[in-house]
Amino acid sequence: MAPITSAFDPKDVTVIFVLGGPGAGKGTQCENIKRDYDFVHLSAGDLLREEQKREGSQYGELIQNYIREGLIVPMEVTIALLENAMKEAIAAGKKARFLIDGFPRKMDQAEKFEEAVVECKFVLYFNCTEETLKQRLLKRAETSGRVDDNEESILKRFRVFKDTSKPVIDAFAAKNKVREINAEQSIEAVYNDVKKIFDDLFQMHTYHYFTLLDPY
Ligand code: UP5
Ligand code: MG
């Protein structure tokens, strides 16, 4: 039997990768799912921004530069932050159900995470046109204070998404592991579609649970 080398077993830990272009609504919808379905929401971008601000971090400047340029931070940094956050949540007694938001953005990150941490259950993909994304991000730029919410960085983020991150979604789709949502709609309409997926997921679990308890 092959030795188990990943940090977690998918039987104990559920991971859903939440992907989509910059401004597709990943963070907004993850907060809804977290509230209604008892998930821990880990945004890779938020974890990187926290690490960038942390006093004494050896990666502060590197992260700031990568984010401003819309480039993908070396995966060792991001995977370590994600794995630590998952371990902390489990140690704090949270349900081992994670929405990993904005990661993986590159094929080697997907492979490394699934090998070293845990295999994902599926990818939730928010599909949205660049035109809509740009409008949302420029609106958010008025208040967000994010170094990458400006026209120049937004165009760079779009390019990296198209060239590098979308192929990750395509690779999971080829394995039948993508649930796609039309993210052009209003926040409420998008969440309605999201709910269908998560209601299905949990009904199935309830069914198995009772079947196991009482097969008659
Ligand atoms: N909004 C949301 N949904 C809406 C809807 N349906 N209708 C109308 N408005 C809607 O939403 C964006 C804005 O749109 C908000 O104002 C919201 O109210 C509105 P949000 O939910 O924040 O969208 P999200 O998809 O989370 O957008 P975000 O900007 O966070 O996406 P990015 O993927 O660009 O940013 P992230 O934080 O994930 O990454 C930032 C950078 O970090 C990357 O560019 C990269 O440099 C680095 N990074 C890595 O290097 N590695 C990683 O693994 C992750 C990040
Ligand atoms: Mg986000």
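Asp 38 is found in the loop between helix 1 and strand 2, where helices (H or I, at least four residues) and strands (E, at least two) are DSSP runs numbered from the N terminus. Phi of this residue, Asp 38, is near 60 degrees, a positive value in a residue other than glycine. Most residues other than glycine have a negative phi, and most peptide bonds are trans.

This is a predicted model, in which local features need pLDDT of at least 70 and side-chain atom pairs count only at pLDDT 80 or more, while totals for chains, interfaces and linings use all residues. Residues are numbered from 1 along each chain as its sequence is written, chains are lettered from A and ligands numbered from 1 in the order in which they are written, and side-chain values use heavy atoms, with hydrogens and water left out.

Ligand 1 is surrounded by 31 residues, the closest being Thr 28, Leu 71, Val 73, Arg 140 and Arg 157, where a residue counts if one of its heavy atoms lies within 4 Å. This shell divides into 12 nonpolar, 11 polar and eight charged residues, with Ala, Val, Leu, Ile, Met, Phe, Trp, Tyr, Cys and Pro taken as nonpolar, Asp, Glu, Lys and Arg as charged, and the others, Gly among them, as polar. Helix 1 (26-37), helix 2 (44-53), helix 3 (60-68) and helix 6 (130-144) each supply at least two residues of the shell, and helix 2 gives the most, with four.

| Residue | Protein atom | Ligand 1 atom | Distance |
|---|---|---|---|
| Thr 28 | side-chain N or O | oxygen | 2.4 Å |
| Val 73 | backbone N or O | oxygen | 2.7 Å |
| Ile 187 | backbone N or O | nitrogen | 3.4 Å |

Taken alone, ligand 1 exposes 1,000 Å², of which the protein buries 86%, the areas coming from the Shrake-Rupley method with a 1.4 Å probe.

Technical notes:
A polar contact is a pair of N or O atoms within 3.5 Å; within protein, one must be able to donate a hydrogen and the other to accept it, and residues adjacent in sequence count only if both atoms are side-chain atoms.
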